Amino acid sequence: MLGKRNETRTMITIKLMCYSSIRSRCLEYLNGTIMEEYSNGDFLYKIIVPENEQFWFGTVISFGDKVKIIEPPEIIKKVVASCNQVISLYENLD
């Protein structure tokens with residue numbers, strides 16, 4: 001029988017503000033829902049993902065400044081911490 005497997009991981013809902021330039025990538029890679037669209041093509045996007053799964057997190061980070069996490073606050077803090085760790089690796093290069 002085909003269908004959804006029993007999901008035992010903790011799921012989390014994330015809201016993203018996205019630029020129109022990443023629309024196709026959001027739809028393809030994040031499999032979410034467009035909640036609101038704006039006249040300039042930007043959109044509010046909702047994803048429901050496993051909280052500690054790496055794929056969606058890396059995908060969101062890879063969008064750079066074309067996406068902003070709106071909520072939840074704990075994911076915003078996780079992104080800031082991850083980005084600061086990467087920055088610290090490169091700050092003191094000679």
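Student: Which residue in S4 is the bridge partner of Met 17?

Tutor: In this predicted model, Met 17 has Lys 68 of S4 as its bridge partner.

Student: How do you know that S1 and S4 count as paired strands?

Tutor: Pairing requires at least two bridges between the strands.

Student: What joins S1 to S3?

Tutor: Eight bridges join these two strands, again with antiparallel directions. In one of them, Thr 13 has Ile 48 of S3 as its partner.

Student: What is the pairing of S2 with S3?

Tutor: S2, which spans residues 33–37, pairs with S3 in the antiparallel sense over four bridges. Ile 34 has Tyr 45 of S3 as its bridge partner, and Glu 36 stands opposite Leu 44 in S3. Five residues lie between S2 and S3 in their hairpin, where Gly 41 adopts a positive phi near 95 degrees.

Student: What is the order of the strands in the open sheet?

Tutor: The four strands follow the order S2-S3-S1-S4, with antiparallel pairing.

Student: What makes S2 and S4 edge strands?

Tutor: Each of S2 and S4 pairs on one side only, and on that basis they are the edge strands. From one strand to the next, the twist averages 30 degrees.

Student: How do the side chains along S1 point?

Tutor: The side chains of S1 alternate.

Student: What makes S3 mostly covered?

Tutor: Of the eight residues in S3, six are buried.

Student: Which residues touch the most other members of the largest nonpolar core?

Tutor: They are Ile 14, Leu 16, Leu 30 and Trp 56, in a core of 19 residues. Two or more residues each come from S1, H1, S3, H2, S4 and H3. Leu 16 touches, among others beyond four places away in sequence, Leu 30, Phe 43, Ile 47, Val 60 and Ile 70.

Student: Why is the pair of Glu 71 and Lys 15 called a salt bridge?

Tutor: The criterion is a side-chain nitrogen of Lys or Arg within 4 Å of a carboxyl oxygen of Asp or Glu. The closest N and O atoms of Glu 71 and Lys 15 are 3.5 Å apart, so the pair qualifies as a salt bridge. Because Glu 71 lies in S4 and Lys 15 in S1, the pair ties together parts that are 56 residues apart in sequence.

Student: Why is Lys 15 called partly exposed?

Tutor: Partly exposed covers the range between buried, under 20%, and exposed, over 50%. Lys 15 has a relative accessible area of 22%, and therefore falls in that range. Glu 71, at 35%, is also partly exposed.

Student: How do you know that Arg 23 and Glu 37 meet in a salt bridge?

Tutor: Their N to O distance is 2.7 Å, which lies within 4 Å, so their side chains meet the criterion. The pair links helix H1, which holds Arg 23, to strand S2, which holds Glu 37, across 14 residues. Arg 23 is partly exposed at 28% relative accessibility, and Glu 37 is partly exposed at 48%.

Student: How many salt bridges does the count come to?

Tutor: The count comes to three salt bridges.

Definitions and conventions: Residues numbered from 1 in each chain as written. Predicted model: local features only at pLDDT ≥ 70, side-chain atom pairs only at ≥ 80, totals over all residues. Heavy atoms only, no water. Core = buried A, V, L, I, M, F, W, Y, C linked by side-chain atoms within 4.5 Å. Buried < 20%, exposed > 50% of the residue type's maximum accessible area, 1.4 Å probe, protein only. Contact = heavy atoms within 4.5 Å. Axes fitted to C-alpha atoms, helices over the stretch in contact; angles between N-to-C directions.
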